[in-house]
Amino acid sequence: MIVITAPTGNIGRQLLSLLLESAPAAGEELRVIVRDPARLPDAAHGRVDVVTGSHAEAGVLDRAFEGADAVFWLVPPDASLAPQDAYTGFTRPAAEALTAHGVGHVVGVSALGRGTPLADRAGLVTASLAMDDLIAGTGVAYRALANPSFFENLLEECDSIREKGVFTDSVDPDRKAPLVAVADIAAAAAGLLLDRSWTGTGSVPVLGPEDLSPNDLAGIMTEQLGRPVRYERQPLDELYTTLVGYGLHEAFAQGVADMKRAKDEGLDAGVARTPDTASATGFEQWCAQTLKPAVLS
């Protein structure tokens, strides 16, 4: 029995699709924790066990983890909370339920940066790494998917790209760093959940096929969209003020700014890309398949 949290989110829905295809042949049953079962894909109806509720709630987790062999754990960050509360606070009931029900394996969505000098001052990433430690401390076999920034973050900028030909971030325009498609994260999670021969705790980096800078992204988007796209760097203090203006908790907004600062100082550069850490989806492919239809719609 594999339990999937956040099965209607960007990563979870792609993971669910992969497991619906491959889990039956592996003799695995699927269970999901979801607030609104109506949001599950049609293909899941009648094929997965559904526990309705939030995976922050102990009672929901007790029902979901009963008889479970493996769990996919993803925290949907709550911007109304401080980062530690949003990650470790959210996860603490799960840590207790994992122990109580003897769950053997957990795959979690986390971040790059562990072992670097920046790890303890990287805002949301620091909180995510603390969440990993909390889960690992239960004694389960744990793999943290250590991810860089997602291609999908650019979907939040579709209006600006469409109307102004501009996207923004807070890093140096020539700072090259790994980036990843959420489909590749889902694929890595599926592989670990279906083949649970691994033991102990560790990280699994998912780095995409190449490092790219904001200027590189602008050039590729210009080519793929057939219109000029340029990058504008946003000062961190301006980013913080904007986020607080949107209603984010001040500590959470500071956590975003601290994460951005750490990334600009090389937080994501601590892991070498190898055949094992690289993932398949390139930015050109993602632009053609995902960004272009969103921007030009």
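Two strands pair if DSSP finds at least two bridges between them. I took helices (H or I, at least four residues) and strands (E, at least two) as DSSP runs, numbered from the N terminus.

**Entry 1: the model.** I note that this is a predicted model, in which local features need pLDDT of at least 70, side-chain atom pairs count only at pLDDT 80 or more, and totals for chains, interfaces and linings use all residues. Residues are numbered from 1 along each chain as its sequence is written, and side-chain values use heavy atoms, with hydrogens and water left out.

**Entry 2: the seven-stranded sheet.** I looked up the strand order and found an open sheet of seven strands, β3-β2-β1-β4-β5-β6-β10, with parallel pairing. β3 (49-52) and β10 (201-205) stand at the edges with a single partner strand each, so one side of each has no neighbour in the sheet. On average, neighbouring strands here are turned by 20° against each other, direction ignored. I then checked β2 (residues 30-34), which runs parallel to β3 and is joined to it by four bridges. There, Arg 31 has Asp 49 in β3 as its bridge partner.

**Entry 3: strand β6.** I recorded seven bridges between β5 and β6, which pair in the parallel sense. His 105 stands opposite Ala 141 in β6. Is β6 buried or exposed? Seven of its seven residues are buried (under 20% relative accessible area; exposed is over 50% and partly exposed in between, with a 1.4 Å probe and protein chains only). The strand is therefore largely enclosed by the rest of the structure. Both faces are covered, with Ala 141, Arg 143, Leu 145 and Asn 147 on one side and Tyr 142, Ala 144 and Ala 146 on the other.

**Entry 4: nonpolar cores.** I used the term for a set of buried Ala, Val, Leu, Ile, Met, Phe, Trp, Tyr and Cys residues joined through side-chain atoms within 4.5 Å. The largest such core has 42 residues, and those touching the most other members are Val 3, Phe 65, Val 71, Trp 73, Leu 98, Val 106 and Ile 135. Among the elements that give two or more residues to this core are α3 (83-101), β5 (105-111) and α4 (124-136). A second, separate core of 32 residues includes Leu 20, Leu 145, Val 182 and Ala 189. I also followed Leu 98: leaving out residues up to four places away in sequence, it touches Phe 65, Val 71, Val 103, Val 106, Ile 135, Thr 138 and Val 140 (contact means heavy atoms within 4.5 Å).

**Entry 5: helices.** I found α6 (residues 182-194) lying across β1 (2-5), β4, β5, β6 and β10, at about 170° to β6. Axes are lines fitted to C-alpha atoms, for helices over the stretch in contact, and angles run from 0 to 180 degrees between N-to-C directions. Helices α7 (residues 214-225) and α10 (residues 283-296) pack at about 60°, with axes 10 Å apart. Residues of α7 in this packing include Leu 217 and Met 221, while those of α10 include Phe 283 and Leu 291.

Entry 6: I listed an open sheet of three strands, β7-β9-β11, with mixed pairing. Its edge strands, β7 (149-150) and β11 (211-212), each pair on one side only. Phe 150 has Val 180 in β9 as its bridge partner. Lastly, I located Gly 27 in the loop between α1 (10-22) and β2. Gly 27 is exposed, with a relative accessible area of 64%.
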